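Hi everyone, thanks for coming. Have a look at the screen, and I'll walk you through it.

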Amino acid sequence: MMEIEEVNNYESLPLLSLNHVSLLCRSVWDSMQFYEEVLGFVPIKRPSSFKFNFNGAWLYNYGIGIHLIENPLIDDFDTIIEPRPINPKDNHISFQCRDVEIVKGRLEDMGMKYVTAVVEDEGNTVDQVFFHDPDGYMIELCNCENIPILPLSACLFKPRMSSFSRAVFGPAKCGLVENAMMESLSMDMLDISF
């Protein structure tokens, strides 16, 4: 897998990848069922050396783990009584998928509410589907591989004015080497994801 070269004056931490996301849930059983049936995760054994004094579960697939921690009193910490609206600009976990239309059909078959969005950039289109898990955590499924990953340091930018009247970066204009590098990186990322 290709790494993006560091361009700042700070030495980065020796990170390799995202390992897992840990989520509080009201019911481990309900959340496990969701992550297995909807997203295709598989329950895995938790290390016996840990002395867990709470109900939980570990799941794994697509190169990432989901750790569920049961807390039936989760609502006591949340001041929102009503279910949150599905808002693509809210915190969420995003997963790459092969076919967004299949995702939408499957969610409809399961009676799940979802919201869609489309991102377009220089002729590339990304379709996104957002929905909640049983505890209100937002999940996104998308075909984000359609937009190349381009490090800002590898591109030339032309300032433009936004609707807030401040300069922002314009469209990326990268060279052949940078495009080839990022295409290779994107393909490496896809190989890991599926």
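So, in what order do the four strands of the open sheet run? The order is 5-8-7-6, with mixed pairing. Strands here are DSSP E runs of at least two residues, helices are H or I runs of at least four, and both are numbered from the N terminus. Two strands count as paired if DSSP finds at least two bridges between them. At the edges sit strand 5 (93-96) and strand 6 (115-121), each pairing on one side only.

Quick housekeeping: this is a predicted model, where local features need pLDDT of at least 70 and side-chain atom pairs count only at pLDDT 80 or more, while totals for chains, interfaces and linings use all residues. Residues are numbered from 1 along each chain as its sequence is written, and side-chain values use heavy atoms, leaving out hydrogens and water.

Back to the sheet. Strand 7 (residues 124-132) and strand 8 (residues 138-142) run antiparallel over five bridges, and Q128 stands opposite C142 in strand 8.

Now the largest nonpolar core, with 26 residues. That's a set of buried Ala, Val, Leu, Ile, Met, Phe, Trp, Tyr and Cys residues joined through side-chain atoms within 4.5 Å, with buried meaning under 20% relative accessible area, using a 1.4 Å probe and protein chains only. Y35, L39, F95 and F131 touch the most other members. Helix 1 gives the largest share, four residues. Domain 1 (16-77) and domain 2 (79-156) both contribute, so this core lies between them; those bounds come from an automatic or database domain assignment.

Key:
Buried < 20%, exposed > 50% of the residue type's maximum accessible area, 1.4 Å probe, protein only.
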